[in-house]
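These are my notebook entries on one protein model. I record below what I looked up and what I found.

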Amino acid sequence: MSIIEFFNSSPFIISALSRLKDESAHLKIDNLQGFSLPLFLYSTAAVMPLPFLVILPDMDLINRLEEELAFINSVEGKKLAIEVFPDYDLPEINNPSVMRDVRCRRLRVLDRIYRMANFSQMILLTTHSAVIRRTLSREQYLDRTREIEVGDKINIEELMNFLAAVGYEPSAAVEREGQFSRRGGLIDVFPPTVDAPVRIEFIGNKVEAIRPFNVETQRSRTRVKQAVLAPAWEAAEYPSVPPDWMRADHKEFISHKVSFDGAILYPEIFSASTIIYNEISPARVIIVDSDDVREKFNEKIERDETFLTKDGFAAPQEILKGIYNFEHANDLQANPVFIDTRPNETDDEGAAPLRRLPPLPLDLNSIASILRDECKKAKVLIVSRYRRRLEHFLEQEGIFPSAMWEGDVQGGFHLDDVPLALFADSEIFLRRPHTPV
């Protein structure tokens with residue numbers, strides 16, 4: 001059996017998945033602690049032909065879930081799309097590398113949902129603020145995306161003007177996403193939506209060859225037939241007249257047609273017209289720990305307003321209204337699935353019959369004794385980065401779990417209605433996952 005098949009043998013999980021298929025039903029699931037949360041999220045996306053928009057309190061939990069969902073993907077042998085859609089952290093506005101990383105992650109998600117014919121089995125992990133931040137619509141994004149094929153006839157100057165208009169930065173040599181350079185009949189471009197830049201070779205105005213290349217060595221790779229030049233920022237159009245409340249230096253940029261990424265602070269002014277919630281519909285919305293989501297969202301807005309005030313912005317509230325579509329904030333509550341990960345070991349209908357496993361003792365003899373007893377009472381699953389060593393040790397002790405996988409997950413649990421016990425390194429090694437067996 002696969003790890004998902006073990007998890008989905010729980011009558012509670014079977015019932016929850018069945019109820020979740022009814023999109024009109026109000027569904028709240030409590031007590032999905034530890035690794036049970038990504039297992040449940042994966043199960044929902046695997047059985048329903050819809051994209052799932054999963055709203056979480058903060059990026060720490062999102063990053064952990066992304067890793068654990070990727071682990072499940074690998075052991076299941078499936079290719080569910082697992083994406084992260086972050087928000088910009090305004091106090092980092094003067095840190096270009098941080099802003100660039102966030103921009104690339106956001107644009108890659110937009111590229112996936114706007115250009116894919118089918119993104120039904122997708123888990124999109126995000127925060128409340130990222131969901132209601134204004135961005136490019138599908139139409140705006142596609143209008144600012146250009147596909148180039150070998151044999152196309154293109155005016156090189158027009159191509160360079162196009163790249164600058166959609167956010168690419170001219171550079172002597174392309175070193176990172178969002179840059180382009182020209183050397184005679186060679187145009188190097190690094191779209192933020194791909195892993196390697198492309199070198200477009202012209203003879204006259206004809207595209208003779210397209211080759212991805214290595215940034216460090218600048219060496220070309222095997223030829224490809226096509227390159228997709230996606231937008232390098234989330235701006236649609238430069239405003240003709242900057243508003244009075246815009247910061248003085250940014251007003252100067254606009255007045256003198258100086259290129260800068262205004263979509264981070266001024267998406268509405270730069271004609272970014274939608275929010276991703278509207279573009280990914282029909283999606284099933286899952287809100288994890290809704291009280292924490294609300295609290296973290298309010299903290300972010302307060303923190304951003306404080307930063308904008310201190311950093312010389314005269315109208316921080318106007319800026320935030322232009323960044324976030326607050327009117328749509330409540331739309332997310334229309335009919336979501338609520339999941340709570342806090343302990344709630346009760347007999348409530350919506351509470352999973354689940355208990356977190358305590359850390360095992362440090363000595364191996366005690367570990368062996370506990371696992372031997374658990375194997376007699378339940379199906380025992382183990383996920384460990386030291387699977388082979390641990391498996392060898394348990395075989396010597398005459399202990400044979402139901403299944404073992406090599407991986408790094410957090411939060412083992414006991415699912416009482418199977419019964420099933422899942423151990424991770426955090427339990428086996430007393431939350432010291434780097435201690436070898």
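**Entry 1. Basis.** I worked from a predicted model, in which local features need pLDDT of at least 70, side-chain atom pairs count only at pLDDT 80 or more, and totals for chains, interfaces and linings use all residues. Residues are numbered from 1 along each chain as its sequence is written, and side-chain values use heavy atoms, with hydrogens and water left out.

**Entry 2. Whole chain.** I found 15 helices and 18 strands in the protein chain; helices (H or I, at least four residues) and strands (E, at least two) are DSSP runs, numbered from the N terminus. Along the principal axes, the C-alpha atoms fill a box of roughly 75 × 50 × 40 Å. Of the 437 residues, 54% count as buried; buried means under 20% relative accessible area, exposed over 50%, and partly exposed in between, with a 1.4 Å probe and protein chains only. I then looked up the contacts (heavy atoms within 4.5 Å). Among those with a separation of 6 or more, residues 24 or more positions apart account for 72%.

**Entry 3. α2 and α3.** I looked up how helix α2 (residues 11–20) meets helix α3 (residues 36–47): their axes come within 11 Å and cross at roughly 50 degrees. Axes are lines fitted to C-alpha atoms, for helices over the stretch in contact, and angles run from 0 to 180 degrees between N-to-C directions. The two helices are therefore oblique to each other; under 35 degrees counts as roughly parallel, over 145 as roughly antiparallel, 65 to 115 as roughly perpendicular, and the rest as oblique. α2 passes α3 in a right-handed crossing, that is, the near helix is turned clockwise from the far one by less than a right angle. On α2 the contact is made by Ile 13, Ala 16, Leu 17 and Leu 20, and on α3 by Phe 40, Ser 43, Thr 44 and Val 47. I note 6 nonpolar, 2 polar and no charged residues there. Ala, Val, Leu, Ile, Met, Phe, Trp, Tyr, Cys and Pro count as nonpolar, Asp, Glu, Lys and Arg as charged, and the others, Gly among them, as polar.

**Entry 4. α11 and α12.** I found α11 and α12 packed at an angle of about 130 degrees, with axes 9 Å apart, and they are therefore oblique. α11 contributes Ile 301, Asp 304, Glu 305, Leu 308 and Thr 309 to the contact, and α12 contributes Pro 316, Gln 317, Ile 319 and Leu 320. These residues divide into 5 nonpolar, 2 polar and 2 charged.

I next asked which residues of α12 (residues 316–323) are buried: they are Pro 316, Ile 319, Leu 320, Gly 322 and Ile 323. They cover an arc of only 160 degrees around the axis, which puts them on the same side of α12; the arc is that of the directions from the helix axis to the C-beta atoms. Their cover includes α6 (128–132) and α11 (290–310).

**Entry 5. Lys 300.** Lys 300 is found in α11 and, at 9% relative accessibility, counts as buried. Not counting residues up to four places away in sequence, Lys 300 touches Asp 87, Tyr 88, Asp 89, Leu 90, Ser 129 and Tyr 324. Its C-alpha atom is separated by 9.3 Å from that of Leu 90, 210 residues apart along the chain.

**Entry 6. Backbone.** I located a cis peptide bond joining Val 418 and Pro 419, with omega about -15 degrees. Pro 419 lies in the loop between β17 (413–415) and β18 (420–424).
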